[in-house]
Every structure is written in C-alpha cells, then in structure tokens.
Amino acid sequence: MESSWKLTDTQLRKWLSGLLDGNSVVAPVEEDGVLLFRPIASEDQAVVKPSGKTRWSPKEFLFPRSEALYRYNFKGGTVQLEDPPVPEEHQVLFGVRSCDASGLVRLDEIFLSGTKDRLYAARRENTTVVSAACAAADVECFCTAVGYSPVGEEGSDVQLVPLGEDWMLRVLTDKGRDLVSDAGDGWTAATAKDGKRIAELEKSVAGQIERSPVNREWSQVLEEGFEHGAWDRLAQHCLGCSVCAYVCPSCSCFDMNHEANAWCGEQCRSWDACTFPLFTHHASGHNPRETKQERYRQRVLHKFAFREEDEDPFRCVGCGRCVSLCPAGLDIVNTVSAAVEAIREEGADAAR
Amino acid sequence: MPLAEAVPNPYQPSLVRIHDFLDETPDVRTLRLQFVDDNEAGGFAGWEPGQFGQFTVFGAGESVFALANAPWRPNGDRASAPTIECTFRMVGKVTSALRAMSKGQVIGFRGPYGNHFPVDDWKGKDLVFIGGGIGMAALRSAMLDVINRKSEFGDVVILNGARSVGDMVYTDEMPGWQEVDGVEVVRTVDPGGETEGWDGEVGLLPNVFEGLGLDPDGRIVIACGPPIMLHYLFLSLGKVGYSPDQVVTTLENKMKCGIGHCGRCYVGPFSVCRDGPVVTWAELNELPKDY
C-alpha cells in the first residue's frame, strides 16, 4: 500500500501550502532565533529543512500544557457540569522528527490504553503526522543508542526523506493517504534506487551519533540495583527543575487542580513531573520520594526499566533535549551506563 | 462513529448529595452520599470492597477515599438507591472544604476505581482485619461484607488501633460487630493515648497482634494503615510464621487521575490506581521500596 514520490523542494512547499486548506498545520517555525512548533498561516513560515530540532517536542499539540477537563457552574444549591467541546479541526503536524513521532506513540500508550482520555483521543483522531527523517544528527541526538532510528517510521502517517536537494514522500498509513490522495504536479514515482537511499541515510546519520548503546538487559540490572548507593552520586547535581520532563517527547505526567470563583470553575490539567517533590507528597505528610535522588532515579528508571515485556521499547526516544537543556549538565545515557556499571561492580545491594 | 464521540469524559464526576454524616473523631468524618440523578445511580452497578473513588469538592479539588460501606448490589426487590459512604480525615485543602459542608450539599464522585479484596477467596477461612487509624476506612467495606454473610467465613478478628482513644473511628458500630457470632473486636491505643476508664488494650498494633497468639495456619490477614505501622506489622507477621501470600494490604500512594494516566502513583511498573490498590504482601515484596 505504500506509495512513494520524489519531489523537489518547491513541489514540497507547494504541497505544504495546499495542506493549509482545511487543516491547521503545525510546523517548525523560527521565533526569536529559537525553533518551535507553531501553527502556520502560510508555507513560507515553515522551516522545512532546519539545521537542528525544535526546542520543544510537538507533544503539546496533542497534550496541551494546560487545559480544562470539564467546567461547572454553581446554580441554585447544585452544580451544573459541562464538557468542554472536543477539538474538531483537523491538524497536520509537519516536519516532526522520527524521535518525536515515536514520542507521540509513547503518549498514545498512556492516554489511549485502558480508560481513554477523551480530549487526547479527539485530538489524536484529528491529527495526521508528517514526519521528516533526519538529514544529519544534532550534537545531542542519541536515538540509535536507545533502539530508535533517524529514519524511523513509527508514528508517521507520511514520511519525508531528504535526498540531497530533493525529497522522497512516503505514504505510510490510511490517514496519510487521505492527505496525499493524488500525486501533485510534476511529482515522479520514487524508484527502488531512491528507496535504497533511506538505508544509506540511516547509516550515515547513525554514524554521526557517538554514543554507546543502552542494552535492553540493563533494565533488569537497574531494577535490581534500585537501592544502590550510586544514585546519591548520580543525582547530586540535579536541581529538580524538571526541564527534562517538560521538553521530553514521551513524558506524560500531569497534575489536576480546580480553578474556581463563587460562580463557576473548571478542573484543569497541566503538565507535571516526577522530579518535583510535591508530585508524590501524601496529604498525611508522607512522601515515598522525599529526596531528589529518589525522584531522579524514578525518572531514569521509568524511561529505561519497569517495562512490561523485554521487547517493549524504552520510553526514552533519544531526542537528547533533556541533555542539551539540563542546567546542571546531567546526561541520561551517561547516568544509565554509570548506574549499571556501579551496580555490576559493587553488587545490587551496595549501601547508600 | 468518530473516536472522539465514542469516548466519554473520564473526569466528569456524578453529582452526589450529602445525605448524612457522622463525626468519628474531632478530625474524621464519615459521609453518606446519594446520587442526585437516579439514572446515574442505576448505572453505578455497585463495587467490590477495596475499591476507591475520587470525591470532588467543587471549587476546591478532588480527594481519593476508599468506598467504605458494604458493596451495594442491584436487587429486584430493593427499591432503595445505592449509597456511597466514605470516611476521611481533615488534613488538607479539599478535606477541610469537605468537612465544612453540610447535609444536602452536592459534591462530585467518580469511580469505582482500582482492583479489590478477593473476599470470595476467603470463604471458609479465619480472618484478621488489622486497621491502624484512618486505615480502618479502607477495610470497612470488606469487613461489613464479611459480617453481612458471616456464615460463609470462619472466625473473624477485627484489630483496630489508634493513636489515642479520641482518634478511634467507628466506635459507634463496633459493639454491633462484636455481637455477631464468631466476630471478636480488639481495640488498642498507642501507649500514652489511653484515658481513664479505657477498657481496651494499650500498645502498638504489631505487639498487640503478636499478643493475641492467633494460629497462622489457614488464616488470612487483611491490614491497612500508615507505612510505618505496616513495616513493623510485616516484621511481626514474619516472626509469628505468616507467609507473604496470606497477607493482604492496600497501597495508598498519592493519586489524582484514578485511571493510570497521571503517573504519580507508580511503584516501579505498578500503577496503584490501575493495578492496585489491593496487593498481597508477596506482591509487595516484588515491587521496589517506593511507597
């Protein structure tokens, strides 16, 4: 069912321009020197071939930083409840890196499993992801070290592959087909030779990532060494600011609070992080994760351990934002390998 | 049908009215709640002991409480609507606001959530319920379920501990439990918490439990209380010869969403609101010490 075309840069921009008709298109945009995902009004706002990745992942377009879950009015001694309208406009997330597209699938695993989240489900249903395979690795990238790929297809409905000056456009899902019903003017069918260039691209970008891989069996080691003293040292510099969780494409923890006055109110959801002390603080005063060591360990292990099945992917997709933006210079891959090394050398029970 | 229309809002609560309440202690209250909308009452097809709900004070927020009354079972010849009872301590913003509410006022309820006590697996067995302080609230539904059909179970001991006599909950109903054949209620307060005329035990729960000298053979222990109490109770249980699969407890982590999404109640891979809150001591031993 896959159909692939070859497009010039101009043809791609023309297609992007066409997408603006009937869709809200969210694409990388440069704002004050920072690359961010923003809804665009015309295709020339989009940075189609950026030299780095966006500072934030596109997750907020499915899981907003803050939103009302329901609203209420106080009326005549009782309360009237009101569901917020579900978003109905179709949105296209354009130019999403492979790592970020996988991040969205990690979010799906939370919000669409078991009891589904109504607002997330509605946005997901109305969202088509046009990913862009990476032409080069950024300095912070480590997707290949954690089992992902710079040309990964996971989470993509349409994938754009940079081929020098040109692009290959691959339709990967039915949703993608809805977006690319027909070839545009001047598009040519991609050849088998073009297809081979995907593997070449993967090899070349992977070659730029100088990180040693995180092995799958390390999950077990990390779990066994849960109480190992190394965590004191590894978390020493963590400031608890949680920027790592906020910029992470797969972090999905949230808080829920009521905002209200005498007449009306709403239950609000906003992003939260396991690295904050109040996250697990009981009303009684008890806190299972009282120290930053325990909180930092939770974040690392939730990404790299506690997987249901061995073949399940790591919840870290390797975008590297937490590494490049950590004010204390913490590096999650180095942390994992240092923890595993300490646990193996000193034994899982080495005292704190 | 588009997915969005098919997915109901998991966060919008049902409205329930405060029908009645009882002040158990100066800071603990038990509420009896009834659904405002009879249709919603009908849709709330009972629950199992051990499950919990999210209770909303509109304008203040939500709190998690155990469903504390005997499970309501839809029954053709029973016209009454289901009632929800919960017992809470006034400790924070939401519970203080809830405590300030009066009969007839409306709050929100969503649930039931979580797994439950395997009460039916206990048939024919001797049971010990051990509740420390407000931990009794999480046990009450199971205790009442067992007492209501006592003939299906063996001997039942209810061991209730509190910091002081004034902190003891369910004192009004305990004499009634004691009257049931084969049910013994033992009450204890921490040393220093006794008052003149106190006729119960004085001592920490684990010590009083050991002093009862109950034979562990074939007995199930259902324990709920603060983490420090459970820590010492498990030491006692091990010492007396109970195996970890004979002991059932509940994990009481901070919860917000109730449906396994918000991420705060994880103990390793275990989401307390979705996979718990009921766990055996054996299961607890498999989890990281993160509760």
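Me: Where is B:P277 placed in chain B?
Reply: B:P277 sits in the loop between α8 (272–275) and β15 (278–280) of chain B. Helices (H or I, at least four residues) and strands (E, at least two) are DSSP runs, numbered from the N terminus. This is a predicted model, in which local features need pLDDT of at least 70, side-chain atom pairs count only at pLDDT 80 or more, and totals for chains, interfaces and linings use all residues. Residues are numbered from 1 along each chain as its sequence is written, while chains are lettered from A and ligands numbered from 1 in the order in which they are written.

Me: What kind of peptide bond joins B:G276 and B:P277?
Reply: The bond between B:G276 and B:P277 is cis, with omega of about 5 degrees. A cis peptide bond also joins B:G111 and B:P112, where omega is about 0 degrees. B:P112 belongs to strand β6 (residues 106–113) of chain B.

Me: Turning to phi, what is the value at B:Y170?
Reply: B:Y170 is not a glycine, yet its phi is positive, about 60 degrees. The residue lies in the loop between β8 and α5 (174–179) of chain B. B:Y170 is buried, with 24 other C-beta atoms within 10 Å. A residue counts as buried if 20 or more other C-beta atoms lie within 10 Å of its own, exposed if 12 or fewer, and partly exposed in between, with C-beta atoms placed from the backbone.

Me: And A:F306, what is its phi, and where is it?
Reply: Phi of A:F306 is near 50 degrees, a positive value in a residue other than glycine. A:F306 is found in the loop between α9 (292–304) and α10 (321–325) of chain A. A:F306 is buried, as 20 other C-beta atoms lie within 10 Å.

Me: New topic: how many residues does α4 of chain B have, and how far does it reach?
Reply: Helix α4 (residues 136–148) of chain B has 13 residues and reaches 17 Å from its first C-alpha to its last, close to the 18 Å expected. The expected span is 1.5 Å times one less than the number of residues.

Me: Where is its kink centred?
Reply: The kink in α4(B) is about 25 degrees and is centred on B:A142. The bend at a residue is the angle between axes fitted to the seven residues ending there and the seven starting there.

Me: Why is α4(B) described as largely enclosed?
Reply: Of its 13 residues, 10 are buried, so α4(B) is largely enclosed by the rest of the structure. Among the buried residues are B:M136, B:R140, B:A142 and B:D145. The elements covering the buried residues of α4(B) include β4 (61–66), β7 (126–132) and β12 (247–250) of chain B. Contact here requires C-beta atoms, placed from the backbone, within 7 Å.

Me: What is B:I130 in contact with, beyond its neighbours within four places in sequence?
Reply: Those contacts are B:L159, B:L205, B:F209, B:V221, B:A223 and B:L233. B:I130 lies in strand β7 of chain B, and B:I130 is buried, with 29 other C-beta atoms within 10 Å. B:I130 and B:I158 are 28 residues apart in sequence and 6.2 Å apart in space, C-alpha to C-alpha.

Me: Is B:V7 buried, exposed or partly exposed, and what is it in contact with?
Reply: B:V7 is partly exposed, with 19 other C-beta atoms within 10 Å. Leaving aside neighbours within four places in sequence, B:V7 is in contact with A:K116, A:R118 and A:A121. B:V7 lies in the loop between α1 (3–6) and β1 (14–25) of chain B.

How values were computed
Contact = placed C-beta atoms within 7 Å.
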